[in-house]
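Trainee: I have a new model open on my screen and would like to learn how to read it. Can you take me through it feature by feature?

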Amino acid sequence: MYSFARRPIWLAGHALAGGLLAIFLIAGFWQLSRHNEVRDRNAAIAQRDDMRALDADRFFEAVTNAGLVEELEYRSVSLPIGRFHWQELMQIRNRSLNGRAGCHLAVPMETTANDSDGLLGVLVTVGWLPQQACASLLDGDVDVFEHRLPPTGQITGRIRLSQERGLLGPADPAQGQLSSLARTDVERIDQQTTLDLAPVYVEIISAVDENGSAIGLGTRPGDTLPTHEPLPPPELDAGPHLGYTFQWFSFAAVAIVGYTLVLRHQARKGDSEQIADD
């Protein structure tokens, strides 16, 4: 009945159908793994958001312990305002905010709370800037940002892990003095700053002066340049991965059922032709 399935043309069809099925299943399981990663990430963010903010001493103690660094991500930290090295400001390009293109602004900051290993600074992402202003910033127009923060006070920020290039994506030159990067790569920035940076960076959330008064970090009336906006907290939505999982598994089910029906149809067609010949 199914002897036709051993013909070369059908063997090629089996291989093609099997290959497509494998692709559908691999894609489905990959999307499922991504969904689980996002779920675990959201749970970690929610848990760490409820934790008490680290002070400077505990922060530097933790970042010198390689086994604790990953557990710090998304925790909050309070640091005394040190001297920002605005002359070493870096743009992290191609960063969007509410659908608008722009860049992140990362600045090395000195701190007096150093540990015995000599960590002298931390990279602070002070905010997001619209794309049209990013080019002006490269020309040295940084005064409007520099005067946002007083020389003394306290900043509170969100700890983030240094970003690394994956299998895809733009690569930054390994050598030379760069003014912009494709990602917030603390190790690469550490190569060209005068400070010895902690291995993580901090996204600034809020700041207060020495009297405890809040400091506005966003745009102010009368600014000569569009000013940076604080980065929003990470989104906790599950994303589209679970929907994509069902989609790929549905493709796999359709492939199995559809190819089975094709084989049955061909087998019955062969039987009918055999009866007619008889």
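This is a predicted model: local features need pLDDT of at least 70, side-chain atom pairs count only at pLDDT 80 or more; totals for chains, interfaces and linings use all residues.

Mentor: Let's start with burial: a residue is buried under 20% relative accessible area, exposed over 50%, and partly exposed in between, using a 1.4 Å probe and protein chains only. Residues are numbered from 1 along each chain as its sequence is written, and side-chain values use heavy atoms, with hydrogens and water left out.

Trainee: What do Glu203 and Arg160 form with each other?

Mentor: A salt bridge, meaning a side-chain nitrogen of Lys or Arg within 4 Å of a carboxyl oxygen of Asp or Glu. In this pair the closest N and O atoms are 3.2 Å apart. Glu203 sits in strand β7 (residues 197–208) and Arg160 in strand β5, so the bridge links distant parts of the chain, 43 residues apart. Helices (H or I, at least four residues) and strands (E, at least two) are DSSP runs, numbered from the N terminus. Glu203 and Arg160 also belong to a salt-bridge network with Glu73 and Arg158.

Trainee: How many salt bridges does the count come to?

Mentor: Eight. Another one pairs Asp172 with Arg93, with the closest N and O atoms 3.0 Å apart. Asp172 is in the loop between β5 (154–161) and β6 (180–181), and Arg93 is in the loop between β2 and β3, so the pair ties together parts that are 79 residues apart in sequence. Asp172 counts as buried at 19% relative accessibility, while Arg93 is partly exposed at 26%.

Trainee: How do I read a disulfide?

Mentor: Look for a pair of cysteine sulfur atoms within 2.5 Å. Searching the whole structure turns up one disulfide: Cys103 with Cys134, sulfur atoms 2.2 Å apart. Cys103 lies in strand β3 (residues 102–110) and Cys134 in helix α4 (residues 131–138), so parts 31 residues apart in sequence are tied together. The torsion about the S-S bond of Cys103 and Cys134 is about -110°, so this disulfide is left-handed. Both Cys103 and Cys134 are buried.

Trainee: And what should I look at in a helix?

Mentor: An α-helix has 3.6 residues a turn, so residues three or four places apart point the same way. Take helix α1 (residues 8–49): its 42 residues reach 61 Å from first C-alpha to last, close to the 62 Å expected at 1.5 Å a residue. That expected span is 1.5 Å times one less than the number of residues. The buried residues of α1 include Phe24, Ala27, Gly28 and Gln31.

Trainee: What about backbone angles?

Mentor: Most residues other than glycine have a negative phi. Here, Asn94 has a positive phi near 60°, and Asn98 has a positive one near 55°. Asn94 is found in the loop between β2 (90–92) and β3, and Asn98 is in the loop between β2 and β3 too. Asn94 is exposed at 62% relative accessible area, and Asn98 counts as exposed at 69%.

Trainee: Which overall pattern do the helices and strands follow along the sequence?

Mentor: The protein has seven helices and seven strands, running α-α-α-β-β-β-β-α-α-β-β-α-β-α. Of its 278 residues, 38% are buried.
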